[in-house]
Amino acid sequence: MKNYSDREYLSATAMVRGFENHMVDRKGLQKMIDARSAEEAFKVVADTGMGTGFSYEEYEDCLSKALADTYRLVGEACKDPRVMELLRYKYDGHNLKTLLKARRTGTDPSAILSPLGNLEPKALQEELASGRYEKLNPRLAQAAEEGGELLAKVCDPQMVDILVDRAVLEASLETARQVGNRFLVEYCTAQTDIANIRSAVRLKRMGKDVFFLRRVLAPGGKVDEGKLCEAFPKGMEELLAVVSFSDYGRFLEPSFDSLRTGGTLTAFERLCDNYLVSLLAGTRMISFGLEPVVAYLLGRENEIKAVRIVMASKLAGVSPQQITERLRDSYA
């Protein structure tokens with residue numbers, strides 16, 4: 001049961017609806033892709049107001065500021081602090097993986113740490129140094145402890161990523177259920193399922209065994225982990241059959257022929273991301289409430305990621321066709 005009133009989000013919903021009108025939509029992204037230069041492409045961003053005060057060479061600073069501002073605004077609008085805790089777990093996870101590996105290699109990770117986690121990077125460093133993990137989410141704390149021990153014994157960075165990524169999914173779904181919002185639970189459940197499906201397909205292509213898959217899969221989704229593990233050693237066809245009979249089958253099936261024949265994963269990866277974007281689009285029918293506010297933040301992240309891909313690609317001289325293939329559906 002939710003412990004808030006939708007009417008508490010009347011003004012917040014009106015605020016984000018206004019902001020949505022100034023996002024870089026699919027048409028704007030296409031205009032960026034077709035631009036003759038990165039400088040011309042960045043004018044599309046500037047026209048939305050997001051790029052005000054920045055040159056095209058400073059697009060990374062521009063996008064980082066836009067995302068930080070969005071987190072601040074949505075954080076001020078959310079009545080339940082657990083909502084923002086949930087949305088920030090992925091940045092805690094990123095910082096945790098980065099710091100654990102940096103401790104093992106003796107490198108300085110400060111340039112790639114995110115300020116958007118629940119814990120400031122410095123505070124997280126102190127938690128790791130003390131080994132007490134008093135401020136970190138318990139599931140992430142357990143992953144940190146296990147990951148640190150694993151690195152010390154066998155120096156396996158990949159397993160650290162697996163432990164932390166799985167902990168982020170578990171913490172997110174657990175917190176969503178505590179908040180009691182149906183959309184948050186649905187979104188976090190889908191995140192878990194999509195991550196598990198992705199892992200099964202990728203690991204099958206990599207030639208990993210089912211024992212490795214069991215360590216990767218996160219619990220709590222609607223797709224039965226046992227069925228994925230049972231189908232995994234039998235082959236890609238059996239694995240895709242499990243996915244086909246799930247809630248995600250109809251959405252992902254256009255990529256199955258490529259997966260069966262050993263083709264590129266590009267279409268599959270794009271459809272996985274697009275499914276999550278489709279859940280955000282569904283909130284547009286909600287007049288007011290927590291759902292449109294959260295969807296706007298997640299949609300803003302999606303927008304900023306897309307702009308970053310286009311700008312980096314334009315500066316690298318990537319062809320318009322290749323850029324288009326890399327883009328996911330747009331929320332705006």
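This is a predicted model: local features need pLDDT of at least 70, side-chain atom pairs count only at pLDDT 80 or more; totals for chains, interfaces and linings use all residues.
Let me start with the largest nonpolar core. By a nonpolar core I mean a set of buried Ala, Val, Leu, Ile, Met, Phe, Trp, Tyr and Cys residues joined through side-chain atoms within 4.5 Å. Of its 109 residues, M32, L87, L96, L136 and L252 touch the most other members. Helix 16, residues 290–316, gives the most to this core, with 12 residues. Helices here are DSSP runs of H or I of at least four residues, and strands are runs of E of at least two, numbered from the N terminus. "Buried" stands for under 20% relative accessible area, "exposed" for over 50%, and "partly exposed" for what lies in between, with a 1.4 Å probe and protein chains only.

Residues are numbered from 1 along each chain as its sequence is written, and side-chain values use heavy atoms, with hydrogens and water left out.

Contact means heavy atoms within 4.5 Å.

Next, the second largest pocket. On a 1 Å grid over the protein atoms alone, a pocket is an open set of points with protein on both sides within 12 Å along at least five of seven lines; a cavity is a set of points where a 1.4 Å probe fits but cannot get out, and lining residues have an atom within 4 Å of a point. Grid points are joined across faces, edges and corners, and a volume is the space filled by probe spheres set on the points. This pocket holds about 290 Å³ of space. It has 16 lining residues, of which G49, M50, A66, Y296 and R300 are the closest to its centre. By class, the lining has eight nonpolar, five polar and three charged residues. In this scheme Ala, Val, Leu, Ile, Met, Phe, Trp, Tyr, Cys and Pro count as nonpolar, Asp, Glu, Lys and Arg as charged, and the others, Gly among them, as polar.

Helix 4 also holds K65. K65 is partly exposed, with a relative accessible area of 46%, and its side chain makes a polar contact of 2.7 Å with the side chain of D69. A polar contact is a pair of N or O atoms within 3.5 Å; within protein, one must be able to donate a hydrogen and the other to accept it, and residues adjacent in sequence count only if both atoms are side-chain atoms.

How many cavities of 30 Å³ or more does the structure hold? There is one. The largest cavity, with a volume of about 30 Å³, is lined by E186, T189, A190, K222, Y248, Y275 and L279. Helix 9 gives the most to this lining, with three residues.

E170, in helix 8 (residues 157–179), has a relative accessible area of 17% and touches R139 and P219, leaving aside residues up to four places away in sequence. S114 sits in the loop between helix 5 (81–105) and helix 6 (121–130). S114 is buried, at 11% relative accessible area, and a polar atom of its side chain lies 3.1 Å from the backbone nitrogen of L116.
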